[in-house]
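Notebook open, viewer open. I want to jot down what I looked up here, one entry at a time.

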Amino acid sequence: MLLLVLGKGKTGSQVAQVAREHGHSVRVLDLHENRGASSLTAPLLAQMDVVIDFTAPASAIENMKACLALGARMVVGTTGWYEQLNEMKALAMRRGGALLYGTNFSLGVQKMFSLTRELARLKGYEFSISETHHATKLDAPSGTALTLKEIIAAEQPEAKVEISYSRLGDHSGLHTVTASSGSDLIELKHEAFDRRGFAEGAVRAAEWVCGKSGVWEFREIFDKL
């Protein structure tokens, strides 16, 4: 495949590296090369099988509008833009493109989502979530933490789930779900040691979405990879 990676940050650079290891051809654009989505022209996108976005919320919205309007296929790992999710979904469907998005592309985190759903079915427990990320992460709490809260709320709509978060150094990501009762305490924890797990999942997602049209959240399809 020929992949276009948007974002030359630490995660975007790792995505490009993993994609090349998978045997794909890769072109990478950073913010300065693609300010305001100016480089995402019809001739360029016509060459690309899939566009992968790991930028920032405002840039991701501009990139999605440009790519999806031309029927491109996108994998979006950027978070913090979901207030415009319905608009992006509609654009993808209207133009016959594809949008595969997710708060976390780590396969380990996807398994944590599944385990959290099982844990949230327990009655008589109080739930809380904590997360730690690198100091430059823009959204807080993280999209992953919000997804964990959403999963718990789906099983226990009356539960009040607090999220605590911190931003420290270059931390790749730590998420903990705690269920406590008067008798015991259960914890689910996922810690990322580096960004390769996110990159691996994003590349496998791009391989899956290539040639397809539609809209999916990553946790809906990760077990098909």
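Which residues have the most contacts inside the largest nonpolar core? I got Val-15, Ile-52, Val-75, Leu-100 and Val-209, in a core of 26 residues. For my own reference, a nonpolar core is a set of buried Ala, Val, Leu, Ile, Met, Phe, Trp, Tyr and Cys residues joined through side-chain atoms within 4.5 Å. Buried means under 20% relative accessible area, exposed over 50%, partly exposed in between (1.4 Å probe, protein chains only).

Ground rules: this is a predicted model, where local features need pLDDT of at least 70, side-chain atom pairs count only at pLDDT 80 or more, and totals for chains, interfaces and linings use all residues. Residues are numbered from 1 along each chain as its sequence is written, and side-chain values use heavy atoms, with hydrogens and water left out.

Helix α7 gives the largest share, seven residues. (Helices, H or I of at least four residues, and strands, E of at least two, are DSSP runs numbered from the N terminus.) A second, separate core has 25 residues, including Leu-4, Met-48, Cys-67 and Ala-92.

**Val-75.** I skipped neighbours within four places in sequence and checked its contacts, among them Ile-52, Leu-100, Phe-105, Ala-202 and Val-209. Contact means heavy atoms within 4.5 Å.

**Sheet.** I traced six strands in an open, parallel sheet, in the order β2-β1-β3-β4-β5-β10. Its edges are β2 (25–29) and β10 (214–217), each pairing on one side only. Strands pair if DSSP finds at least two bridges between them; β1 (residues 2–6) and β2 have five. Val-5 stands opposite Val-28 in β2.

**Helices on the sheet.** I found α3 (residues 57–69) lying across β1, β3 (50–53), β4 (73–76) and β5 (98–101), at about 165 degrees to β4. Helix α4 (residues 85–95) lies across β5 and β10, at about 145 degrees to β5. Axes are lines fitted to C-alpha atoms, for helices over the stretch in contact, with angles from 0 to 180 degrees between N-to-C directions.

**α6.** Buried here are Gly-143, Thr-144, Ala-145, Thr-147, Leu-148, Ile-151 and Ile-152. Their cover includes α5 (107–119), β6 (126–133), β7 (162–167), β8 (174–180) and α8 (218–221).

**Ala-37.** I noted a positive phi, near 60 degrees, in this non-glycine residue. Ala-37 sits in the loop between β2 and α2 (42–47), and counts as buried because its relative accessibility is 9%.
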